[in-house]
Amino acid sequence: MNTSGDNYPVWHPFTQMKTAPKPITMVKGQGAYLWDENHHQYIDFISSWWVNLHGHAHPHIAAKIAEQAKELEHVIFAGFNHPKAIELAHKILKYLPFLTKVFFSDNGSTSVEVALKMALQFFYNQNIKRNKIIAFQNAYHGDTFGAMAIGERNEFTSPFRDLLFEVQFISTPDETNKHQVIENFKKLISANNVAAFIYEPIVQGTAGMNIYDEKILDELIYIARQNNVICIADEVFTGFGRTGKMFASDFMINKPDIICLSKGLTGGFMPLGLTVCSQKIYEVFYNDNKLKALYHGHSYTGNPIACAAACASLELFEIENTLDKIKQISVHHANFINKIKQLPGVANARNKGTIMAIDIKTNEKKSYFHTLRDELYDYFITRKLLLRPLGNTVYMVPPYCITRQDLQKGYDAIENFLQEHQF
């Protein structure tokens, strides 16, 4: 159904409104399920764009939000504070003992923008000329201008390409190119005034759930740290258990100077972003000179209701033994991958923690705009399964409360699609 007319007032993200089908109106969620206005039940296999951790409408988080809303809904965060922000900062730093300070913002893109400004101003405050950024090819860090600049230059960013600042891109490492990537990385650092290296640790989500070697990344971080290059881990997607550990950075010996967090931070209830940094970063801004402060903020910075949701979500990791649930999902994914990876239609099957992905084999190049995408989406949604393929890549990132039986429904649907189409 065409949704471009004056009677439909909503402009949806990542959507060509003229050709897109009518959006499905969801009216209720519980656990891994969503219900539309016609009372049809769907299984949410993508955690509603990777944000939901413990299930929709979780009563613990909902109760904490309601409790906070009755006490304090918001207060300006410049010159003021509130208990939930302090509590959340302490909870986060408990998981990230190598970092010391927490800067609040509104979402993943803004948490990345803050990180970039921290890294660049870190050198500016010391009168050191370093302003270049190194990032991976195929990267995605958000849709604000700084975040676009450090991401893959593609169809999404082409209207703005001339306005994006210069970035040095390196190949995503694997066993075939690791030596070349490492050497190229060293050359870029030695030949340029490099301020920062930003990366999505282990998994590049929007690139098609591209999983790469953490050992090579660990070496790159070590090289950067040895050369006083600020390392920024964009854990907006990979944080809070998605890769099997609380943070993907936990897989590496060498740690970042800055970590960006959002998405699962509030358990899928409220928008909130955090940029968590080391004492080394903070001390360069801590100065009698007011002009050396980090002048960045948002109207809803540190919103108490969002902070209450985040605190409640982190509490559930202990109350519900969430990391054990994550391990179980990881085992189920691995078993399914082993079962289907040799099927004729499967080009690449992989998993990491609760992330499972399969590339469907076609003659067309892998792309977000792959012609198979809409066919795949329609196939699953008509079966009341919310799977939102990235081009010809089918993936699952389910909420941690999902049952073995519901996971199997998704696995069966993927396998049936492959069999029916006989690739």
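I began with a pair of helices: the axes of α2 (residues 59-69) and α9 (residues 304-319) come within 8 Å and cross at roughly 150°. Helices (H or I, at least four residues) and strands (E, at least two) are DSSP runs, numbered from the N terminus, while axes are lines fitted to C-alpha atoms, for helices over the stretch in contact, with angles from 0 to 180 degrees between N-to-C directions. α2 is therefore roughly antiparallel to α9, a term for angles over 145 degrees.

I noted that this is a predicted model, in which local features need pLDDT of at least 70 and side-chain atom pairs count only at pLDDT 80 or more, whereas totals for chains, interfaces and linings use all residues. Residues are numbered from 1 along each chain as its sequence is written, and side-chain values use heavy atoms, with hydrogens and water left out.

Next I looked up the contact (heavy atoms within 4.5 Å), where I found, among others, Ile61 and Ile65 of α2 and Ala308 and Leu316 of α9.

I then turned to the open sheet, whose seven strands follow the order β4-β12-β11-β10-β7-β5-β6 with mixed pairing; two strands pair if DSSP finds at least two bridges between them. β4 (101-105) and β6 (168-170) stand at the edges with a single partner strand each, so one side of each has no neighbour in the sheet. The twist averages 20° from one strand to the next.

Looking at β4, I saw that five bridges join it to the antiparallel β12 (residues 273-277), and that Lys101 has Cys277 as its bridge partner there.

Conventions:
Angles under 35 degrees count as roughly parallel, over 145 as roughly antiparallel, 65 to 115 as roughly perpendicular and the rest as oblique.
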